[in-house]
Amino acid sequence: MRLLGAIMDKLVSVGVLILVILFQDEIRRFLVELGSHKRWRFFFRLFLPDKEKNTDQQSYIMPLVYACMNMSKTKTGALIVIQKDMALTAYEQTGDIINADVNSRLIENIFFKNSPLHDGAMIIADNRIVAAACILPVSHNNDIPKSLGLRHRSALGITQESDATAVIVSEETGNISAARNGKLHLRLSGKDLEHFLSETAE
């Protein structure tokens, strides 16, 4: 009986491991959705203290808005991802580490057409520009208008895979868009973008 019990314990352990490996994407999405729900975030904050005050957490917003407005005028393409609760370390490692304060001029210089870092995405985390020229997952949603390019599909892709927010400046039209939870918000003004980022930062 002891031998049979030991064998069953091993089988259960291996079975659980196999299930985790097979359904890792579904488990990750479930945990992201759970963590992004406002009630659960409130519950977690009771036990896990915030790293920074809310005002500090939003200090990146205005430099980002100014940079996007300026890039919109010059039709400079840009893709910027703002990390929230879920770490984006795997995507940061696909680009070049910057680790600098969020500054509108720095953002514009990174996405300048002749800059070696202008292709790919910039990732902002904890009020810092963590990395640039990062590669993001691309959404294969067939409902995306054909007029939208790879930046918009990448923005949707990262917001489907994580709880991050993505901001896009179109190189063709100069229009500013934003994505969160796998949904695109198109043709935003500077005020719209500021309001959108302030809401998603809470």
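This dialogue walks through a predicted model of one protein chain.

Reader: What should I know before I start?

Author: The model is predicted: local features need pLDDT of at least 70, side-chain atom pairs count only at pLDDT 80 or more, and totals for chains, interfaces and linings use all residues. Residues are numbered from 1 along each chain as its sequence is written, and side-chain values use heavy atoms, with hydrogens and water left out.

Reader: How many helices and strands are there in the protein chain?

Author: Begin with the terms. Helices (H or I, at least four residues) and strands (E, at least two) are DSSP runs, numbered from the N terminus. Here the protein chain has nine helices and seven strands.

Reader: How do strands make a sheet?

Author: Strands of a sheet pair through backbone hydrogen bonds, either parallel or antiparallel. Two strands pair if DSSP finds at least two bridges between them.

Reader: Which strands pair in the antiparallel sense over four bridges?

Author: Take β3 (residues 121-125) and β4 (residues 128-134). They pair that way. I124 has I129 in β4 as its bridge partner. β6 and β7 also run antiparallel, joined by four bridges. There, A179 stands opposite L184 in β7.

Reader: What do β6 and β7 form, and how many residues lie between them?

Author: They form a hairpin with two residues between them. In the turn, N181 has a positive phi of about 55 degrees.

Reader: How do I read a helix that lies across a sheet?

Author: Compare axes. Contact means heavy atoms within 4.5 Å.

Reader: Which residues of α5 are buried?

Author: Buried means under 20% relative accessible area, exposed over 50%, partly exposed in between (1.4 Å probe, protein chains only). In α5 the buried residues are I61, P63, L64, V65, A67, C68 and M71. An α-helix has 3.6 residues a turn, so residues three or four places apart point the same way. The buried residues of α5 pack against β1, α7 (104-110), β3, β5, β6 and α9.

Reader: Is C68 buried or exposed?

Author: C68 counts as buried because its relative accessibility is 0%. C134 is buried too, with a relative accessible area of 2%. A disulfide is a pair of cysteine sulfur atoms within 2.5 Å. A search of the whole structure finds zero disulfides.

Reader: Where is L193, and what is it in contact with?

Author: L193 sits in helix α9 (residues 190-201). At 0% relative accessibility, L193 is buried. Leaving aside neighbours within four places in sequence, L193 is in contact with V65, C68, V167, I176 and L188. L193 and V167 are 26 residues apart along the chain, yet their C-alpha atoms are separated by 8.6 Å.

Reader: Where is T165?

Author: T165 is in strand β5. It is buried, at 5% relative accessible area. Beyond neighbours within four places in sequence, its contacts include I80, I82, A179, F196 and T200. T165 and A179 are 14 residues apart along the chain, with C-alpha atoms separated by 5.8 Å.

Reader: Which residues does S154 touch?

Author: S154 lies in helix α8 (residues 150-161). S154 counts as buried, at 8% relative accessibility. Not counting residues up to four places away in sequence, S154 touches L79, L136, P137 and V138.

Reader: What percentage of the 202 residues is buried?

Author: Buried residues make up 38% of them. Of the contacts with a separation of 6 or more, 61% come from residues 24 or more positions apart.
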